[in-house]
Amino acid sequence: MFSNELFQRVITAVLCSFNPSTSNHDKQYALKFLEDLKDNHPLICLTVGFELLKQQVSNDSLLHHYGIHLIESIVKHKWSVLKADEKHLVKEQLFLLIKSS
């Protein structure tokens with residue numbers, strides 16, 4: 001289930017995985033967490049992806065890029081496991097995003 005705590009963990013993992021001063025062990029741990037989330041929790045990833053696109057923080061371009069990556073990945077690889085109403089919601093969110101650009 002999506003929560004603010006999970007959302008903050010995703011942000012931390014994204015920033016950690018792209019930080020050159022992070023140890024390889026910590027990067028691997030962060031990337032494993034992100035991949036597990038992407039592979040096993042498509043609805044949470046979609047929610048996180050759209051929320052990342054709404055963020056207004058100092059690293060917003062990196063977070064925006066990762067948000068787009070999450071959405072793209074779920075649409076490409078997990079679309080068939082989504083229910084019809086979930087697919088409709090994703091389409092609506094994407095259209096709203098495009099309209100607001």
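Student: Where do K54 and E51 lie, and how many residues apart are they?
Tutor: Both K54 and E51 lie in helix α3. They are three residues apart, about one turn of the helix. Keep in mind that this is a predicted model.

Student: What do K54 and E51 form?
Tutor: K54 forms a salt bridge with E51. The closest N and O atoms are 3.2 Å apart.

Student: Is K54 buried or exposed?
Tutor: K54 is exposed, because its relative accessible area is 51% and the cut-off for exposed is over 50%.

Student: And what about E51?
Tutor: E51 is partly exposed, with a relative accessible area of 26%.

Student: How many salt bridges does the structure hold?
Tutor: Three.

Student: Which residue does E35 pair with?
Tutor: E35 forms a salt bridge with K38. The closest N and O atoms there are 3.1 Å apart.

Student: Which helix is that in?
Tutor: E35 and K38 both lie in helix α2, residues 24–40. They are three residues apart, about one turn of the helix.

Student: Is K38 buried or exposed?
Tutor: K38 is buried, because its relative accessible area is 9% and buried means under 20%.

Student: What do the side chains of E72 and K76 do?
Tutor: They meet in a salt bridge, 3.2 Å from N to O. E72 and K76 both lie in helix α4, residues 60–77. This time the two are four residues apart, about one turn of the helix.

Student: How accessible are E72 and K76?
Tutor: E72 counts as partly exposed, at 39% relative accessibility. K76 is exposed, with a relative accessible area of 58%.

Student: New topic, pockets. How much space lies in the largest pocket?
Tutor: About 200 Å³.

Student: Which residues line the largest pocket?
Tutor: The lining is L43, L46, T47, F50, E51, K54, E86, L89, V90 and Q93.

Student: Which one gives the most?
Tutor: α3 gives the most to the lining of the largest pocket, with six residues.

Student: What is the lining like by class?
Tutor: It has five nonpolar, two polar and three charged residues.

Key. Residues numbered from 1 in each chain as written. Predicted model: local features only at pLDDT ≥ 70, side-chain atom pairs only at ≥ 80, totals over all residues. Heavy atoms only, no water. 1 Å grid on protein atoms, 1.4 Å probe; cavity = no way out; pocket = protein on both sides within 12 Å on 5 of 7 lines; lining within 4 Å. Points joined across faces, edges and corners; volume = space filled by probe spheres on them. Nonpolar A, V, L, I, M, F, W, Y, C, P; charged D, E, K, R; others polar. Salt bridge = Lys/Arg side-chain N within 4 Å of Asp/Glu carboxyl O. Buried < 20%, exposed > 50% of the residue type's maximum accessible area, 1.4 Å probe, protein only.
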